[in-house]
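Good morning, and thank you for joining.

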Amino acid sequence: MSRDYFGFSFIRSTGRNSTATGVLNNPADISVIVVYFLVVLAVGVWAMIRTNRSTVGGFFLAGRSMVWWPIGASLFASNIGSGHFVGIAGTAAAGGIAIGGFEWNALIVVVILGWLFVPIYIKAGVVTMPEYLKKRFGGQRIRIYLSVLSLFLYVFTKISADMFSGAIFINQALGLNIYLAVVCLLMITALYTVTGGLAAVIYTDTLQTIIMIVGSFILMGFAFSEVGGYERFQELYMKAVPSITANISESCYEPRADSFHIFRNAITGDLPWPGLVFGLTIQAAWYWCTDQVIVQRCLSAKNLSHVKGGCILCGYLKLLPMFLMVFPGMISRILYPGECVSLHGSLWCSQRRVVSSLTTSSLLPATLHHPLQLYSCLPSFANVSMSSCVNPSDCPTIICGVHYLYFSIILFVISCIIILGISLMTKPIPDKHLYRLCWTLRNCTEERVDLEQDDWVDNSKSNPMDIKEEEPSLCKKAVMCFCGLEQKKAPELSPEEQAELQKKLTDTSEVPLWRNVVNANAIILLCVAVFFHGFFG
């Protein structure tokens, strides 16, 4: 069965094992997608040529030359994925605006990142989080554990979901095999990431942030135009009921009475306010303040003022998902009740697969044709009711009755007790090993004695004999140049010059004017966060 939505042709198969497909049939639409990928590649190649990739700092930290606005845009783009556009919109359609509190929580945590955590990382002179743990606690096991854990979590929780969502869009829009689409996305991403390093990633993130925001604003404009403004939207949402409800209680599919409140009942709420305030903050502090992807972008800044400026910009951008994702998702429930079904106590606002990954580009042809139809395709993964609407659960309350945000609080308290207990029962690390690695010793000027020696060893002077190396072939030269592995003999630095360079890399001093500017903006950002939480609370 096929249907046309303003030039967007959908072909639905009703077979039992078949999946719904929709292929763009407009050359202009396909051109937008192709041009987007070409522009992303061009930006990546430009960054590859522009930056020095032959050093660790040049490749992993973009030569520490980034200014505040690409850092802020990259922080935002690194956090926002297709899971946001799909999951937040679908959850909002089911349960209201409380899911937006997840985004606004970051407004406070990014200030903690820029003002408390990053200064320590800079003074420590580290490039990665595992490297910091090695300097702070010594040994190899903790570093390897964090590296393996981070890779595992990113591959199986974030990258896989983002790649799948992007591949779904390419499959639906261009008719490309989904596995081939995944391979194409991986190749494009790997091309500019491996060859251009962090600089290429930051610049492409900045481009994608602009596209996402512009496209999402267009989407929001269409959405509110369809329902007649915010007040009409509130009225219509509370009357939006799915067309297929089965024989279950009305409380399982009707809009929640607290749909337009962030802070909900501590016992009966689907997102209880203590969990949102405390439990979520614990998780957000781990993600924003210790995650390698986030911290790496901050360490690429020219100085600490640019780090703080980037964090502030990211905070302001994190205000937008409530308006650009949550509200349009809720409006889709109003406009397309036929696309919603209540199933096993959960509201599903789709009978088809997701047809778009707005992470790849928010300004997509479907958005231009009829953007709200996209959100009718977004499945909701949020339970409308905490109680079972179909069959009573036999799961013990102590296991299934504890909200996951409450569980994070419990786990945090238990972990703190264990950590403090072990710390008090073991011999403390001498201060000479902790200079500039913790907050109380952050301003110490004495030379630090590392618990473990760095793995980076300069073997250039190991052989006193001057050995003539073979000239590499033209093909090898091209590959080495493309990957940033050109063998250039850098001028030798005297011990005094090396000390001066290290001092510059670990310097956290700020120009008084710009320090006052970013501090004032941080206060304004925190006030904005309090206002929005109070207004929608």
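Helix α4, residues 82–95, packs against helix α14, residues 321–335, at an angle of about 55 degrees, and their axes are 7 Å apart. The axes here are lines fitted to C-alpha atoms, for helices over the stretch in contact, with angles running from 0 to 180 degrees between N-to-C directions. α4 is therefore oblique to α14; angles under 35 degrees count as roughly parallel, over 145 as roughly antiparallel, 65 to 115 as roughly perpendicular and the rest as oblique. The crossing of α4 and α14 is right-handed, a term used if the near helix is turned clockwise from the far one by less than a right angle, with left-handed used if anticlockwise. On the α4 side the contact is made by His84, Phe85, Ile88, Ala89, Ala92, Ala93 and Ala94, and on the α14 side by Met325, Val326, Gly329, Met330, Ser332 and Arg333, where contact means heavy atoms within 4.5 Å. By class, this contact of α4 with α14 has nine nonpolar, three polar and one charged residues. Ala, Val, Leu, Ile, Met, Phe, Trp, Tyr, Cys and Pro count as nonpolar, Asp, Glu, Lys and Arg as charged, and the others, Gly among them, as polar.

A word on provenance. This is a predicted model, in which local features need pLDDT of at least 70 and side-chain atom pairs count only at pLDDT 80 or more, while totals for chains, interfaces and linings use all residues. Residues are numbered from 1 along each chain as its sequence is written, and side-chain values use heavy atoms, with hydrogens and water left out.

Overall, the protein has 21 helices and five strands; these are DSSP runs numbered from the N terminus, helices being H or I of at least four residues and strands E of at least two. Of its 537 residues, 47% are buried, meaning under 20% relative accessible area, with exposed being over 50% and partly exposed in between, for a 1.4 Å probe and protein chains only.

Two further helix pairs deserve attention. Helix α1, residues 27–50, meets helix α9, residues 178–227, at about 105 degrees, with axes 7 Å apart, so α1 is roughly perpendicular to α9. Their contact divides into 18 nonpolar, five polar and one charged residues. Helix α6, residues 106–124, packs with helix α21, residues 512–536, at about 160 degrees, with axes 9 Å apart; α6 is therefore roughly antiparallel to α21. α6 passes α21 in a left-handed crossing. The residues in contact include Trp115 of α6 and Leu525 of α21, and the classes are 10 nonpolar, one polar and no charged.

Which residues does Thr206 touch? Thr206 lies in helix α9 and touches Trp69, Pro70 and Ala73, not counting residues up to four places away in sequence. Thr206 is buried, because its relative accessible area is 7%.

Finally, the cysteines. A search of the whole structure finds zero disulfides, a disulfide being a pair of cysteine sulfur atoms within 2.5 Å. For Cys289, the nearest cysteine sulfur, that of Cys311, is 8.6 Å away. Cys289 counts as buried because its relative accessibility is 0%. For Cys311, the nearest cysteine sulfur is that of Cys298, 4.2 Å away. Cys311 is also buried, with a relative accessible area of 1%.
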